[in-house]
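My entries follow in the order I looked things up.

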Amino acid sequence: MNDKKLIFSGIQPTGTFTLGNYLGAVRNWGPLQDEYNCIYCVVDMHAITVRQDPAKLRRNTLDSYALLMACGIDVEKSILFIQSHVKTHAELNWILCCNTQFGELSRMTQFKDKSKRHPDDINAGLFTYPSLMAADILAYNADLVPVGADQKQHLELARNIAQRFNQRYGDFFTVPEPYIPEKGARIMSLQEPAKKMSKSDDNPNAVILILDDKDTIIRKFKRAVTDSEAEVVYRDGKDGINNLMTIYSTITGKDYAAIESEFAGKGYGDFKLAVGEAVADHLEPVRTEFARLSQDKSYLKECCAAGAEKALRYSQRIVSKVYHKVGFVDKG
Ligand code: TYM
């Protein structure tokens, strides 16, 4: 490798990402490839912390891999792989679990939220999820982790784990920095704009999926919850409009002032239509490329295998040193 900084990030294999996933994270991953060494991962091991249909998980994982490629991840420039193909993640996870406190894990808001949503399956994997996420990052000694705002707490914990390990065993891990975009880090639900946009929302109108067709995208934006003021301005208390303005701004590159003057004197109907069209047109090439790539399963599998091999080679060196540091006998 060269002396460029190292980026690591991951995404759950939902098959089709939300507009939140896209604007908060995935969209930014492609452009980073020229400036950094990038490693990106479809985190199927994280996915099984909630119950999954095995056949669907397999399909969604490969679709997510293809979708990352369609979103601009170039397998020649970056290492792109499936988490369960690279055993070092699970190996390092165990060691990090032994360096993570019960109290720290209990404070994670995602654990609390998911425990509420799945009260019949509060499993140990769900609880130790952030330690596996730390292992993903630390197995490569990544410098930067591009994520949306909701992952900040997990990243903070990964930093604490790295620092604790360094204190106990001598300086070794790079303490990773979050890399959170200024705009788009928290895209909200179209139906309840005080809530994060999330694939697990029960109301399909709340969520734009990046593989939705143009009509569906426009229809969902038309139904977006706003307010009764009929004024397109970015202001406290206008959660729905603020969210639509953020989406429109990140897609078009226009700032809020420009958007306010573009829609001055116009109703919300015009604005919602413009946002819907901009989003649908922006995503059109992603949909087309995904349709093409997902036909070619053997090519995708080849890419997965090559990515996993590179990721293993890279992380194996680091995890072997960790094994030695904690006192495991070298295999020789
Ligand atoms: P996941 O799969 O939930 O989300 C993937 C990325 O999308 C971002 N995101 C959002 N950004 C803005 N607005 C939203 N409404 C929104 N919803 C999701 C997330 O912040 C994330 O960046 N635990 C991680 C996956 C992971 C990971 C890692 C990430 C596993 N290991 C190591 C970084 C490094 C997760 O569940 O993301």
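I use buried for under 20% relative accessible area, exposed for over 50%, and partly exposed for what lies in between, with a 1.4 Å probe and protein chains only. This is a predicted model, in which local features need pLDDT of at least 70 and side-chain atom pairs count only at pLDDT 80 or more, while totals for chains, interfaces and linings use all residues. Residues are numbered from 1 along each chain as its sequence is written, and side-chain values use heavy atoms, with hydrogens and water left out.

Aspartate 121 meets arginine 51 in a salt bridge, at 3.8 Å from N to O. The rule I apply is a side-chain nitrogen of Lys or Arg within 4 Å of a carboxyl oxygen of Asp or Glu. The two residues are 70 apart in the chain: aspartate 121 is in the loop between H6 and H7, and arginine 51 is in the loop between helix H2 (44-47) and H3. Helices here are DSSP runs of H or I with at least four residues, numbered from the N terminus. Arginine 51 is exposed, at 61% relative accessible area.

In one of them, glutamate 229 pairs with lysine 238, with the closest N and O atoms 2.7 Å apart. Lysine 238 is buried at 2%, whereas glutamate 229 is partly exposed at 43%. Both belong to a salt-bridge network that links Asp227, Glu229, Glu231, Arg235 and Lys238. I also noted glutamate 262 with lysine 254, at 3.0 Å from N to O. Glutamate 262 is partly exposed at 28%, and lysine 254 is partly exposed at 30%.

Lysine 272 sits in helix H12 (residues 268-295). Leaving aside residues up to four places away in sequence, lysine 272 touches Phe221, Lys222, Ala224, Thr226 and Leu244, where contact means heavy atoms within 4.5 Å.

I found one cavity of 30 Å³ or more. On a 1 Å grid over the protein atoms alone, a cavity is a set of points where a 1.4 Å probe fits but cannot get out; a pocket is an open set with protein on both sides within 12 Å along at least five of seven lines, and lining residues have an atom within 4 Å of a point. The largest cavity has a volume of about 30 Å³. Helix H6 (109-117) and helix H7 (124-138) each give two or more residues to its lining. The lining is made up of Met108, Gln110, Phe111, Lys114, Leu126, Tyr129, Pro130 and His154.

Helix H3 (54-70) and helix H13 (297-326) each supply at least two lining residues. H3 gives the most, with six.

How values were computed: Grid points are joined across faces, edges and corners, and a volume is the space filled by probe spheres set on the points.
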